[in-house]
Amino acid sequence: MNILSLFVVIPVLMILALFLCKGMKQIRGVMITGASLLMILSAVLTVMFLKERAVSDAEMLFVSSTTWYAPLNIAYTVGVDGISVVMLILSSIIVFTGVFSSWNMNMAKEYFLWYCLLSVGVFGFFISIDLFTMFLFYEVALIPMYLLIGLWGTGRKEYSAMKLTLMLMAGSAFLMIGIIGIYYASGHTTMNLLEIANLHIPIEYQRWLFPATFLGFGVLGALFPFHTWSPDGHASAPTAVSMLHAGVLMKLGGYGCFRVAMYLMPEAAHELGWIFLILTGISVVYGAFSAVVQTDLKYINAYSSVSHCGLVLFALLMMNQTAMTGAVMQMLSHGLMTALFFALIGLIYGRTHTRDIREIGGLMKIMPFASVCYVIAGLASLGLPGLSGFVAEMTIFVGSFQHADMFHRVLTIAACCSIVITAVYILRTVGKILYGPVQDDHHIGLPDATWYEKVSAVVLIISIAFIGMYPFGVSEIISESLTPIIAKLNF
């Protein structure tokens with residue numbers, strides 16, 4: 001069996017094992033074992049990839065293909081490059097930490113069954129290089145979100161779950177049209193991404209297939225003005241689902257935009273990219289300004305995610321090596337820090353029973369461990385040197401400013417302003433809930449983080465600090481894998 005298929009097989013085996021579990025202890029055992037195996041597997045894959053890359057210049061490594069439906073050339077084709085590898089590492093870390101953040105979940109067996117199915121879709125998407133297989137795993141990742149939010153969420157959970165599902169399914173409709181169009185416009189001989197890239201899709205087809213495909217993936221990436229599902233979905237989702245949702249699921253959008261839309265239709269990307277560049281620029285600034293006026297901790301982080309994910313798409317559309325490397329690093333950085341944010345927000349909400357920053361204060365004295373972790377997450381978000389956010393954002397802005405024309409530079413300067421806005425809402429929130437006066441006497445004496453909550457937070461903080469202090473190893477893996485994509489874009 002190809003090592004990549006294990007990323008799908010392990011979550012499936014976890015689902016089967018959960019059906020046999022009879023108590024909470026067994027359920028936790030299955031989830032910790034499975035999530036740990038996924039982390040170990042991602043580490044093993046990274047080592048194998050680096051060794052293989054040293055002797056091979058193939059665009060994708062560990063490629064394996066099994067025909068599913070020959071009449072339409074549909075095959076289960078998997079393979080990875082450096083970008084896929086870092087996304088698999090990110091996914092495994094979020095799945096692992098999400099298990100500990102769901103330690104005392106009600107209806108745990110049913111919850112973790114859907115959680116594992118969501119994981120199947122995420123891992124399968126990142127290893128797929130067949131258009132249909134990629135779309136299939138994409139849908140598998142989206143479907144569980146409705147039940148995870150609708151059944152285990154809080155607040156207006158039914159409304160949020162329905163809104164999220166309808167908007168993402170609408171995006172999927174555009175995506176399906178784009179994939180079918182790409183298949184037939186390229187000669188309907190293959191669904192393999194690498195093979196289609198060597199064929200030429202006529203520009204008259206690219207002009208409508210590129211917007212459909214980019215928009216289909218862009219909806220999941222919180223592209224303005226199709227981002228409104230994201231804040232409501234984040235706010236209502238249970239903690240671990242918010243972590244996986246913002247940390248990994250939204251990255252499927254950015255990954256699909258450059259892996260499918262831009263890579264396969266480079267001429268249309270150059271011709272029409274300016275439209276989406278304006279929209280993503282709006283996302284960056286609008287998301288940051290919206291976070292400033294929020295009072296709910298989850299909504300603050302949700303709008304922050306709109307801004308940061310908008311920055312990913314913004315950098316990809318700059319279509320140069322530096323900016324696109326920064327975009328992938330931003331996907332990795334944002335995934336880790338937003339997962340940490342949601343884990344800590346879930347911890348605070350579980351004890352204070354409120355997420356309103358006007359009703360919380362003085363947590364640094366009450367819960368020092370959780371408070372320090374929140375400060376670290378905030379500093380990563382606003383781009384403090386030494387943490388992952390600084391490396392990713394600086395790479396994006398340097399790459400974006402390489403364009404000498406006024407249009408790109410004005411948008412870049414506007415996007416840079418989001419850093420200042422981010423500092424405003426991060427420092428405001430930290431000052432209010434951690435160092436302000438205690439707002440409720442019942443909060444005095446609340447317990448700090450438990451051991452399993454500390455495991456989740458520490459793993460994420462170590463990952464954030466590692467990228468911030470050792471960025472060149474990560475950026476080199478990403479940059480090398482972007483070379484064929486950049487070459488295709490600079491036709």
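Is Met 319 buried or exposed? Met 319 is buried, with a relative accessible area of 10%, where buried means under 20% relative accessible area, exposed over 50% and partly exposed in between, for a 1.4 Å probe and protein chains only. Before I go on, please keep in mind that this is a predicted model, in which local features need pLDDT of at least 70 and side-chain atom pairs count only at pLDDT 80 or more, while totals for chains, interfaces and linings use all residues. Residues are numbered from 1 along each chain as its sequence is written, and side-chain values use heavy atoms, with hydrogens and water left out.

Let me stay with Met 319, which is found in the loop between α12 and α13; helices here are DSSP runs of H or I with at least four residues, strands are runs of E with at least two, and both are numbered from the N terminus. Although Met 319 is not a glycine, its phi is positive, at about 55°. Phe 62, in strand β1 (residues 61-69), also has a positive phi, near 55°, and is likewise a residue other than glycine. As background, most residues other than glycine have a negative phi, and most peptide bonds are trans.

If we leave aside neighbours within four places in sequence, and take contact to mean heavy atoms within 4.5 Å, Leu 264 is in contact with Leu 131, Ile 182, Leu 193, Ile 196, Ala 197, Ile 201 and Arg 259.

Two further buried residues deserve a look. Ser 456, in helix α18 (residues 451-469), counts as buried because its relative accessible area is 1%, and its contacts beyond four places in sequence are Thr 97, Phe 100, Ser 101, Met 243 and Ala 343. Arg 355, in the loop between α13 and α14 (363-366), is also buried, because its relative accessibility is 12%. The side chain of Arg 355 makes a polar contact with the side chain of Asp 296, at 3.0 Å; such a contact is a pair of N or O atoms within 3.5 Å, of which, within protein, one must be able to donate a hydrogen and the other to accept it, and residues adjacent in sequence count only if both atoms are side-chain atoms.

Finally, how do two of the helices pack? The axes of α12 (residues 297-316) and α17 (residues 406-435) come within 11 Å and cross at roughly 160°, the axes being lines fitted to C-alpha atoms over the stretch in contact, with angles running from 0 to 180 degrees between N-to-C directions. α12 is therefore roughly antiparallel to α17, a term for angles over 145 degrees. Among the residues that meet there are Leu 297, Ser 304 and Phe 314 in α12, and Leu 411, Ala 415 and Ile 433 in α17.

Technical notes. Angles under 35 degrees count as roughly parallel, over 145 as roughly antiparallel, 65 to 115 as roughly perpendicular and the rest as oblique.
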